[in-house]
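Me: Hi! Could you walk me through this one while I have it open?

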Amino acid sequence: MTLSHWLVLFLSLGGNFTQKSNARALSGMGPHGTVVPSEGARGVGRARREGNPIAADGRLDAGVCRDLASAVCGGRGGAESRIERSRRAIVRGFLAVTRTSAESFSRAMGDVFGAGAPLVSKLSDFLQGRLGPAATQAGERARARLLQAVQDQAIPAEVKTAMIERVRNVRIRFFPDPSDPDSVRRFIANCGADQMAARAFAVPGENTVEICPGMVAGGADENGSVIPEAVAASLMHVLAHECGHCIGADAAEGFTSEFRPRFSGFRGCLQSRFRDSQSDGRLGEMVADFWGAQALAREVAGKRPMEALEYLRRAVGPLCATTADAEHPSGRFRINVLLAETPGIARSLGCRVEPEACAIDGTVGGER
Ligand SMILES: [Zn+2]
């Protein structure tokens, strides 16, 4: 199968080592200039001086409810550097170098890839050894959350059964199959020779999802230590989004999802409310985000508002760097509408449930 047969349904979320992530340009971009903590207690202290999202009674500041994107993305530059350091640390383990400057690191990577395919294949093996167990665990956790979400929707039983069957059988791949040259070529083309691009893809027609190893590595800590829980959190949205394409509304040359008609109410509801959703070509991505948000809602249920916010920062931070294109609404729209209006997420943050929130069948004020 050639690359052209792959319906590439998720955008590049950032750069790899040679292409510096453009996320940094976004830091501090929130419309109100809100600075929120990246993580941990020290960050909270810093935020308290600069517009703290936590009020004295432990509730989140009302600004978080009005503009979740700023609360999630504010001060994003720090988080992006952390993710980049994680990716470097993982590959540095392979290179067995301790040099830390960007220039010397790039040179070391250049030496590796100048040496050709055998080293690329060795790198894949190394990455699989380091990241494979956490990746598999993250994949199964996202699948379980998505299955719960499908189960909870107000859709006919036979559609639900078909969707559940589909989700159970989605093939989730994090690493190239070394015995399949097409798979190796595709991973290198999509994920970069170092495999560290933060990208993911779905091929709904084949019920297959591919996640670049770089996305998994971004969930490691700055020393490259892989903590499965943290990796699962960082991949929950992207995995549920990509698997969501397999039960979504995508239409492209040679492929139209059998489930597309099920989302006409959702489409109509969004289109009547938001200009960002006007392009019909964006329906596939908006439905995938619907499923991503549904999975996240089940993951944050029961967390305290600040914990839920921290989780969302990790889970959807990559969207912060994105802008609208033919298929995708802007990152701000994706966070402030498709994510924040999901009733389970609003409740976890202690925010009011938007009475006009769009549900799968288009009804507003849904409780899902
Ligand atoms: Zn997508």
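Reply: Happy to. One term before we start: two residues are in contact if their C-beta atoms, placed from the backbone, lie within 7 Å. Also keep in mind that this is a predicted model.

Me: Good. Then which residues does Ile211 touch, leaving out residues up to four places away in sequence?
Reply: Ile211 touches Ile172, Phe174, Ala200, Val216, Leu235, Val238 and Leu239. Ile211 itself is in strand β3, residues 208-211.

Me: And is Ile211 buried or exposed?
Reply: Ile211 counts as buried, because 25 C-beta neighbours lie inside 10 Å and 20 or more is the cut-off for that.

Me: How far is Ile211 from Leu235, C-alpha to C-alpha?
Reply: They are 9.2 Å apart in space, and 24 residues apart in sequence.

Me: Let me zoom out. How many helices and strands does the chain have?
Reply: The chain has 15 helices and five strands. Of its 368 residues, 48% are buried. Among contacts with a separation of 6 or more, 71% are between residues 24 or more positions apart.

Me: What about the largest nonpolar core, how many residues are in there?
Reply: The largest nonpolar core has 89 residues, and those with the most contacts inside it are Ile211, Val216, Leu235, Met236 and Leu239. Helix α12, residues 283-300, gives the most to this core, with eleven residues. As background, nonpolar side chains tend to be buried together in soluble globular proteins.

Me: Back to Leu235. What is centred on Leu235 in α10?
Reply: A kink of about 50 degrees. As for cover, 15 of the 18 residues of α10 are buried, so the helix is mostly covered.

Me: What end-to-end span should α10 have, and what does the model give?
Reply: α10 runs over residues 228-245, and at 1.5 Å a residue its 18 residues should span 26 Å. The end C-alpha atoms are 25 Å apart, which agrees.

Me: Which residues is Met236 in contact with, setting aside those within four places?
Reply: Met236 is in contact with Ala142, Arg145, Ala295, Leu296, Glu299 and Ala315.

Me: Staying with α12, is Gln294 buried or exposed?
Reply: Gln294, which is found in α12, is buried, with 25 other C-beta atoms within 10 Å. Leaving aside neighbours within four places in sequence, Gln294 is in contact with Ala149 and Thr342. The C-alpha atoms of Gln294 and Leu339 are separated by 8.3 Å, and the two residues are 45 apart along the chain.

Me: New topic: where is Arg334 found?
Reply: Arg334 is in helix α14, residues 331-339. Arg334 is buried, with 26 other C-beta atoms within 10 Å.

Me: Which residues does Arg334 contact, again without those within four places?
Reply: Asp289, Leu319, Pro329 and Leu339 are in contact with Arg334. Another pair to look at is Arg334 and Ala69, which are 265 residues apart in sequence and 8.6 Å apart in space, C-alpha to C-alpha.

Me: Now the loops. What is the phi of Asn207?
Reply: Asn207 has a positive phi of about 55 degrees although it is not a glycine. Asn207 lies in the loop between β2 (200-203) and β3. With 18 C-beta neighbours inside 10 Å, Asn207 counts as partly exposed.

Me: And Gly254, buried or exposed?
Reply: Gly254 is exposed, with 8 other C-beta atoms within 10 Å. Its place is in the loop between β4 (251-252) and β5 (255-256).

How values were computed. Residues numbered from 1 in each chain as written. Predicted model: local features only at pLDDT ≥ 70, side-chain atom pairs only at ≥ 80, totals over all residues. Helix = DSSP H or I, 4+ residues; strand = E, 2+ residues; numbered from the N terminus. Expected span 1.5 Å × (residues − 1). Bend = angle between axes of the 7 residues up to and from the residue. Buried ≥ 20, exposed ≤ 12 C-beta atoms within 10 Å, placed from the backbone. Core = buried A, V, L, I, M, F, W, Y, C linked by C-beta atoms within 7 Å.
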